[in-house]
Amino acid sequence: MSVSDDAPAPAPSIADPGPLGLAAFALTTFLLSAKNAGWTGSDAWLGYAFAYGGFCQLLAGMWEFKNRNVFGATAFSTYGGFWIGLGIWALTVMPKDPAAQVNNDLGWILLAFAIFNTYMLIMSLGVNTAVFAVFLTLEITEIVLFIGAFSGSASITKIGGIIGVITAVVAWYTSAAGVSNGIPGGKIRLPVGKALVSSAS
């Protein structure tokens, strides 16, 4: 029995995991960026790197695979792994190394993720404006932070921290928009904007 072209599309088997992944990314980024900016000396980010930015974001990535969303699956799984990996590095490697080696390590880690983020930034042009803004601000954050790390400049790292806070706010907004648009019959609808590059029809 075939399905006609006019038949409604089947409902997804799970709810959209995107808002969860974005919220997990935003909060952990906010906590670490506040420290990088010099606003707090706390390492509160570390626990959340495992529990929220890491584990919850990784779960969101796995659910995006089930939704056949290759962009969301790749982004959330990668940055979930980023936070878990950064947390493990901070606990096991960073305390044993001199400051110069720590900065060098961070520089290479951030450079590697900036390379990943570059092609995800390009691909996000086909998603929507809000998601593009998340990847754009994140790209700037990572570039400034790896420059700060390689140069050993606290002032550049502080600037990177401030831009990271902006990145977190943009990600929180995009998460909130996903929640608002995912509530059936909800009266609050936050705009995310159109894709900046559309496929040819």
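Trainee: Hi! Which helix is Thr-167 found in?
Mentor: Thr-167 sits in helix α6. Keep in mind as we chat that this is a predicted model.

Trainee: Got it. Is Thr-167 buried or exposed?
Mentor: Thr-167 is buried, because its relative accessible area is 0% and the buried class covers anything under 20%.

Trainee: What does its side chain make a polar contact with?
Mentor: The partner is the side chain of Thr-141, at 2.9 Å.

Trainee: And which residues is Thr-167 in contact with, leaving aside its neighbours within four places in sequence?
Mentor: Those are Phe-25, Val-134, Thr-137, Leu-138 and Thr-141. So Thr-141 turns up in this list as well as in the polar contact.

Trainee: Let's look at another threonine. Where does Thr-157 lie?
Mentor: Thr-157 is in helix α6. With a relative accessible area of 22%, Thr-157 is partly exposed.

Trainee: What lies 3.1 Å from a polar atom of the Thr-157 side chain?
Mentor: That would be the backbone oxygen of Ser-153.

Trainee: What is Thr-157 in contact with, beyond its neighbours within four places in sequence?
Mentor: Thr-157 is in contact with Asn-36, Leu-145, Gly-148 and Ala-149.

Trainee: How many of the lining residues are nonpolar, polar and charged?
Mentor: The lining of the largest pocket has 18 nonpolar, 9 polar and 3 charged residues.

Trainee: How much space lies in the second largest pocket?
Mentor: About 530 Å³. Its lining counts 26 residues, with Gly-18, Pro-19, Leu-22, Phe-76 and Val-131 nearest the centre.

Trainee: Which element gives the most to that lining?
Mentor: Helix α3 does, with 5 residues. The elements that supply at least two residues each are α1, α2, α3, α5 and α6. By class, you will find 15 nonpolar, 9 polar and 2 charged residues in the lining of this second largest pocket.

Trainee: Can we switch to aromatics? How many aromatic pairs does the structure hold?
Mentor: The structure holds 12 aromatic pairs. One of them joins Trp-108 and Phe-150: the ring centres are 5.6 Å apart and the planes meet at 80°, so the pair is edge-to-face.

Trainee: Which helices do those two lie in?
Mentor: Trp-108 lies in helix α4 and Phe-150 in helix α5, so the pair ties together parts that are 42 residues apart in sequence. Trp-108 is exposed, at 52% relative accessible area, while Phe-150 is partly exposed, at 38%.

Trainee: Which other ring pairs with Phe-150?
Mentor: Phe-146 does, with the centres 6.2 Å apart and the planes at 70°, so this pair is edge-to-face. Phe-146 and Phe-150 both lie in helix α5, 4 residues apart, about one turn of the helix. Phe-146 counts as buried, at 17% relative accessibility.

Trainee: Which residues form one aromatic cluster?
Mentor: The cluster is made of Phe-25, Trp-45, Tyr-79, Phe-82, Trp-83, Phe-113, Phe-116 and Tyr-119.

Trainee: What about Phe-132, where does that lie?
Mentor: Phe-132 lies in helix α5 and is buried, with a relative accessible area of 17%. Setting aside neighbours within four places in sequence, Phe-132 is in contact with Leu-121, Ser-124, Leu-125 and Leu-196.

Trainee: Last one! What is phi of Arg-68 near?
Mentor: Phi of Arg-68 is near 60°, a positive value in a residue other than glycine. Most residues other than glycine have a negative phi. Arg-68 is placed in the loop between α2 and α3, and counts as exposed at 79% relative accessibility.

Methods
Residues numbered from 1 in each chain as written. Heavy atoms only, no water. Nonpolar A, V, L, I, M, F, W, Y, C, P; charged D, E, K, R; others polar. 1 Å grid on protein atoms, 1.4 Å probe; cavity = no way out; pocket = protein on both sides within 12 Å on 5 of 7 lines; lining within 4 Å. Points joined across faces, edges and corners; volume = space filled by probe spheres on them. Buried < 20%, exposed > 50% of the residue type's maximum accessible area, 1.4 Å probe, protein only. Contact = heavy atoms within 4.5 Å. Phe/Tyr/Trp six-rings, centres within 6.5 Å; stacked < 30°, edge-to-face > 60°. Polar contact = N/O pair within 3.5 Å; in protein donor to acceptor, adjacent residues only side chain to side chain.
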